[in-house]
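Hi,

Here is the structure I promised to pass on.

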Amino acid sequence: MINRLSSQEAKELLKEIAARQPAIILDVAAMLSARQPVEDQPGPSADQPSWCVCRHCPMMDRDQDKICCGMAPQYCDSQRPEMGLVITDPLTLHIQQTYRNDVFAHQAVDVEDTNRSFRHAAYRQCVLWIHGRLQRDDRRTVPACCVKVVRAKFPSLTGNYTGFIPGRGVGW
Ligand SMILES: [Zn+2]
Ligand SMILES: [Zn+2]
């Protein structure tokens, strides 16, 4: 059946599948990324951490935060449109916080608090997007490239980023 599809039909079918199962696009990106010949990828630059292959990760202080999405640069998770649509969109995050009765959002009194609560919600959203629903003791973290986008959107005015807190699952 698949062999009989024209390339246009195959494209439309893939879009249809992606509309029904949005997270599948991450799997498609991972497959395309894995096929990317290494020689087509630019060499590391001086400001790129040695552990990053997507070329969008910043330097991170703590070893546990040095995690790359693992994609080729053009398929980097942090560059996907979903980042703006569901990870860093304030209304989406507000709805998630309301649904979860989020104490960080409730107790926020200034921009610093609000941005911290949005970062917290955005990381939670990111883990759900990339890894699916977390199990109780599942401590998967957010790739540094995505952390960079979230911090740029919801910065701490004092540069106070607490990082991943394993004991509380996803917490920043
Ligand atoms: Zn990276
Ligand atoms: Zn990346």
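**The zinc site**

The four donor atoms around the zinc ion (ligand 1) subtend angles of 104 to 119 degrees, so the arrangement counts as tetrahedral. For that label, all the angles have to lie between 85 and 135 degrees. Keep in mind that this is a predicted model.

Which residues hold the zinc ion (ligand 1)? The donors are the SG atoms of Cys52, Cys54, Cys57 and Cys68, at 2.3 to 2.4 Å. Along the sequence, these donor residues follow the spacing C-x1-C-x2-C-x10-C.

Are Cys52 and Cys57 buried or exposed? Cys52 has 6% relative accessibility, so Cys52 counts as buried. Cys57 is buried too, with a value of 5%.

**Two residues with positive phi**

Arg55 is not a glycine, yet its phi is positive, at about 65 degrees. You'll find Arg55 in the loop between helix H2 (24-35) and helix H3 (82-87). Its relative accessibility is 30%, so Arg55 counts as partly exposed.

Asn101 is another residue other than glycine with a positive phi, this one near 55 degrees. Look for Asn101 in the loop that links helix H4 (90-100) and helix H5 (103-107). With 52% relative accessibility, Asn101 counts as exposed, because the cut-off for that word is over 50%.

Cheers

Terms used: Residues numbered from 1 in each chain as written. Chains lettered and ligands numbered in written order. Predicted model: local features only at pLDDT ≥ 70, side-chain atom pairs only at ≥ 80, totals over all residues. Heavy atoms only, no water. Helix = DSSP H or I, 4+ residues; strand = E, 2+ residues; numbered from the N terminus. Buried < 20%, exposed > 50% of the residue type's maximum accessible area, 1.4 Å probe, protein only. Donors = N, O, S within 2.8 Å, 3.2 Å for Na, K, Ca; no water. Tetrahedral: all angles 85-135°; square planar, octahedral: opposite > 155°, others 65-115°.
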